[in-house]
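Subject: Structure for you to look at

Hello,

Here is the structure I promised to pass on. Please open it first, then read my notes below.

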Amino acid sequence: MSEATPSRQPRPGLLAGASTGLRLTRHSLVLIALCVLLLPLADLAILTRDPWAELGRMARGMAWPAWGSLESPVSAIGLTVAVAIWGTLAGVILGFPLALLFARSRLVRAGCAFVRAIHELFWALLFLQVFGLSALTALMALAIPYAGIFAKVYAEILEQTPRAPREALPPGSGRLSRFLYTELPLAWAQLAAYTRYRFECALRASVLLGFVGLPTLGFHLETAFREGRYPEAGALLWLFYLLIATLPWWGHKRLVPMLLIGGALLLGPWPEVDGGLLWRFVSDDLWPAPLLAGDPTGLLNWLARIPDLGPAIGNTLLLGLMGTVGALLVALALWPLACRHFGNRGTRLAGHGLLVILRSTPELMLAFIFLLLLGPSLLPAWLALSLHNGALIAFLVARHADALAPGMTGLSASGRFAYELLPRVYPGMLALLYYRAEVILRETAILGMLGVATLGFYIEEGFDYLMFDVAFFLLLITATLNIAVDSLSRRLRPREAPVEGSCTR
Amino acid sequence: MAEGKRQPLIAFHGEDLGYGLERGQGGRARPARVVLPGLSLTLHRGDRVALLGQSGAGKSTLLAELRRRLGPQAAWCPQHHGLVAQLAVYHNVYMGRLPEHSALANLWNLLRPLKRPWQAVAELCELLGLEGLMRRPVGQLSGGQRQRVAIARALYQQRDLFLGDEPVASVDPHQALRLLALIEERHHTSVVALHQRELALSHFDRVWGLRDGRLVIDAPAGELTLAELDTLYPDADAAPAPITSTPPLDPEALPCSRGRP
């Protein structure tokens with residue numbers, strides 16, 4: 001305004017203003033306040049007697065791993081990689097044709113949203129009933145949700161290819177030729193990058209399949225941890241980090257055919273599929289008997305026998321919110337550690353290491369470790385979700401910040417953080433967080449398998465007691481909840497920063 | 001004008017051109033956003049038309065409509081090339097005749113170039129100074145090289161008519177002359193959008209000038225002067241200058257007036 005009377009302009013109040021930074025700050029503070037307000041409802045008790053002693057034993061196990069006590073690490077690693085690569089490939093084969101139909105068919109979109117909404121481990125529990133502890137169970141558990149994910153992401157990537165080459169084609173070019181010449185080549189690099197990222201996720205998921213009994217790395221990890229053989233567990237964990245860290249070398253695209261062939265030889269055992277039994281499972285076992293018989297009062301009775309889901313759904317949603325807010329706080333605290341604008345070479349290296357370890361440890365694994373330390377409350381689940389997802393977001397934010405050049409030189413670190421970098425990276429960070437919210441909720445459900453009282457707890461119970469109809473019903477509820485939260489977070493997500501890059505979805 | 005003998009290819013009679021279709025009165029399709037209202041003009045066989053006008057004057061709309069009506073008769077060279085950066089020069093040029101092969105042949109051609117198209121494209125590339133670049137991805141080429149690939153793709157279509165939206169915008173003046181000559185040699189009729197007014201007068205026999213969605217010039221190039229063409233670019237002479245003075249230099253203008261009397 002007028003320069004002569006600067007004092008006429010009233011000083012704005014606390015957090016008042018329409019700038020993006022202030023708006024997003026208010027947005028985040030509301031989210032945090034909501035979480036704090038609901039926190040008393042969560043069961044955060046520490047139930048073990050001496051968590052510090054246990055932590056000490058675990059740390060000693062990590063520091064002095066017992067390499068010699070590993071029984072068959074090579075076959076466990078081989079199976080883990082084989083399941084991951086073939087599961088990803090099967091997902092691509094199923095998902096790619098769906099991606100081409102994705103924009104046109106509401107049915108395809110709904111179907112993909114449904115299969116995506118159910119975690120790999122739940123799919124594994126479902127297929128376990130039909131195919132037993134076999135390679136088929138493992139492959140289907142990865143391939144089916146990944147088909148839904150690939151369909152959606154591939155469709156988005158293809159949709160964003162530039163239109164100009166398509167329009168330059170002479171009239172009468174066939175659909176397939178048009179796709180091969182002007183769409184596929186333009187999208188190829190992004191499709192490949194996303195498939196790679198998904199393969200990394202598949203590796204983690206493949207490890208986790210050990211938790212339901214498939215003999216991947218996770219099976220040995222879980223056994224070792226559960227039986228308190230921490231040096232052995234430490235060795236396995238280091239092996240897993242080594243596997244992830246060396247991925248760029250052994251997972252080079254030239255080696256993929258060899259991995260596929262080698263993996264095919266390692267996959268097994270293959271189940272004998274009994275068509276009749278399979279059909280009975282799909283058509284009969286999964287559905288409540290009164291529904292199949294067309295008996296409405298019986299169906300009401302059936303519903304009445306289902307355990308009270310209110311607290312389970314409440315816990316699932318609460319843990320989802322707490323995990324999201326926790327991830328935000330962890331990401332805010334951790335991203336400067338790995339960013340070139342802060343610290344020295346040593347701190348950055350340590351920060352990178354910390355982020356890599358936190359984000360490549362599967363969240364179920366983290367939760368499992370915290371569970372052993374703290375006992376079965378929401379606390380270990382909360383810590384695991386916050387740390388894993390927070391580290392993932394922090395890593396991406398640090399990379400974003402590395403690409404920025406501060407306009408003012410010679411600012412102190414806090415000035416750089418608050419004035420130069422945070423205002424630029426925060427919109428993207430919040431957008432990432434909302435993307436992850438759906439993933440966090442999906443993970444929340446599987447934490448039930450460790451005994452945390454979320455929906456997943458009752459789903460596993462249903463499968464354990466062979467009440468497939470109940471388990472399937474709960475799976476449907478979980479999927480619906482995920483789809484609802486996904487659409488909610490889509491609506492709440494700030495529009496300031498379009499998130500690009502493959503590692504976000 | 002002696003139009004009796006010349007065979008009209010396309011004629012517009014007071015038509016509204018634009019983009020986005022909607023149903024108008026009587027169920028007739030009409031553009032949702034009109035760029036060129038009430039346009040009347042005729043394209044004759046054998047015409048070599050330079051299409052001039054500021055950005056946004058409606059050149060691309062007119063060319064798109066011509067392309068739509070001429071269908072497979074016209075070879076097309078789009079603005080900003082419309083190339084696939086990840087594919088080799090050969091494959092981009094080959095795309096000019098994509099509909100003439102089966103999908104299977106097109107697929108195989110991506111894996112290993114077909115023999116006859118490879119030779120035909122090689123000849124064209126030699127003509128355009130692209131020899132030795134046929135296997136290079138277009139993304140690694142310079143702006144001028146990309147421009148020539150786009151023209152090669154249009155020439156490869158082997159049509160009678162050529163429609164180009166600024167096909168010589170990113171090459172140097174000498175190359176622009178060579179490319180225009182090549183286009184002239186291989187097509188009996190052409191409509192080319194340009195920014196270089198001197199080229200329009202020296203290398204075309206008709207000029208269409210668009211200004212604010214109106215066709216304000218439709219005359220043989222021989223009857224026009226540079227000053228008259230300058231009226232198409234109102235932003236270039238914000239301060240109204242007398243028409244006899246030397247026109248302010250358009251940054252896009254090329255020193256090709258040397259060849260003119």
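Chain A is divided into domain 1 (61-275) and domain 2 (308-504). Those bounds come from an automatic or database domain assignment. Please note that this is a predicted model: local features need pLDDT of at least 70, side-chain atom pairs count only at pLDDT 80 or more, and totals for chains, interfaces and linings use all residues. Residues are numbered from 1 along each chain as its sequence is written, while chains are lettered from A and ligands numbered from 1 in the order in which they are written.

**The two domains of chain A**

The centres of domain 1 and domain 2 of chain A, taken over C-alpha atoms, are 21 Å apart. Across the boundary, 21 residues of domain 1 of chain A are in contact with 23 residues of domain 2 of chain A. Contact means that the C-beta atoms of two residues, placed from the backbone, lie within 7 Å. On the domain 1 side, α8(A) gives the largest share, 7 residues. Helices (H or I, at least four residues) and strands (E, at least two) are DSSP runs, numbered from the N terminus. That side of domain 1 of chain A has 17 nonpolar, 3 polar and 1 charged residues. Here Ala, Val, Leu, Ile, Met, Phe, Trp, Tyr, Cys and Pro count as nonpolar, Asp, Glu, Lys and Arg as charged, and the others, Gly among them, as polar.

**Chain A against chain B**

Now the chains. 18 residues of chain A are in contact with 20 residues of chain B. α8(A) gives the most to the chain A side, with 8 residues. That side divides into 12 nonpolar, 5 polar and 1 charged.

**A helix pair**

Look at α16 (residues 310-334) and α19 (residues 378-402) of chain A. Their axes come within 7 Å and cross at roughly 45°. The axes are lines fitted to C-alpha atoms over the stretch in contact, and angles run from 0 to 180 degrees between N-to-C directions. α16(A) and α19(A) are therefore oblique to each other. Angles under 35 degrees count as roughly parallel, over 145 as roughly antiparallel, 65 to 115 as roughly perpendicular and the rest as oblique. Residues of α16(A) in this contact include A:G323 and A:G326. By class, the contact of α16(A) with α19(A) has 15 nonpolar, 6 polar and no charged residues.

**One residue in chain B**

B:I217 is in strand β8 (residues 214-220) of chain B. B:I217 is buried (20 or more other C-beta atoms within 10 Å; 12 or fewer is exposed, in between partly exposed), because 20 other C-beta atoms lie within 10 Å. Leaving out residues up to four places away in sequence, B:I217 touches B:V207, B:W208, B:G209, B:L224 and B:L232.

Best wishes
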